[in-house]
Amino acid sequence: HSLPWHPPFLRNVAPSARREFSQIVSNQDATKGQIKKRVRQWALRNHVEVQVNSWHRKLEGYFTEHRNKISQGIRMLLGAYERWTNIVTDDTLTRRQSRAKIHDLFVSYLHEVRDLLSAIRPRPHRR
């Protein structure tokens, strides 16, 4: 699922409250704890506590799911890389067969593993 970057509760508040919310969450000098506290206070003042809490739970769920997928992908990466290397170094395969096997390998893994495999594949040097 996708990350709810634009909180739906902002549709239920005045433009000035939207600006204030934006200022709170974009403050580069406040700690994350301070921002959370200020958002809770803002939500109380604007009568959107339930919606803010729901949105916050969705954010936490999104990041937990992301962390879990990346952790799972990292655990799978070595095996995937070894399978990829075996295909690439197999001199009995044609280029067409290699591409087909690599494709089949890639689609058998989570998107996160595919991204990690793509990131570690050899590339020509660029200067």
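**Helices, burial and ring pairs in a predicted model**

L59 sits in helix α3, which covers residues 49-88. Helices here are DSSP runs (H or I, at least four residues), strands are E runs of at least two, and both are numbered from the N terminus. The structure is a predicted model, so local features need pLDDT of at least 70 and side-chain atom pairs count only at pLDDT 80 or more, while totals for chains, interfaces and linings use all residues. Residues are numbered from 1 along each chain as its sequence is written, and side-chain values use heavy atoms, with hydrogens and water left out.

L59 counts as buried because its relative accessible area is 15%; the cut-offs are under 20% for buried, over 50% for exposed and in between for partly exposed (1.4 Å probe, protein chains only). Between the C-alpha atoms of L59 and W42, which are 17 residues apart along the chain, the separation is 18 Å.

On the annotation side, an unreviewed UniProt entry lists residues 17-118 as "domain: SXP/RAL-2 family protein Ani s 5-like cation-binding". UniProt positions follow the numbering used here, feature names are shortened, and annotations may be inferred rather than shown by experiment. Across residues 17-118, the chain comes out at 82% helix and 0% strand, with 43 Å between the end C-alpha atoms.

Now for the aromatic rings. The structure holds 7 aromatic pairs. Rings of Phe, Tyr and Trp (for Trp, the six-membered ring) pair if their centres lie within 6.5 Å, and planes under 30 degrees apart count as stacked, over 60 as edge-to-face and the rest as tilted. One of the pairs is F21 with W55, an edge-to-face arrangement at 6.1 Å centre to centre and 70 degrees between the planes. F21 belongs to helix α1 (residues 15-25) and W55 to helix α3, so this pair ties together parts that are 34 residues apart in sequence. Both F21 and W55 are buried. Another edge-to-face pair joins Y62 and F63, at 5.2 Å centre to centre and 85 degrees between the planes. Y62 is partly exposed, with a relative accessible area of 23%, and F63 is also partly exposed, at 37%. Ring pairs also link F9, F21, W42 and W55 into a cluster.

Turning to helix α4 (residues 95-107), S98 is found there. S98 is classed as buried because its relative accessible area is 15%. Leaving aside residues up to four places away in sequence, S98 touches I87 and L93, where contact means heavy atoms within 4.5 Å.
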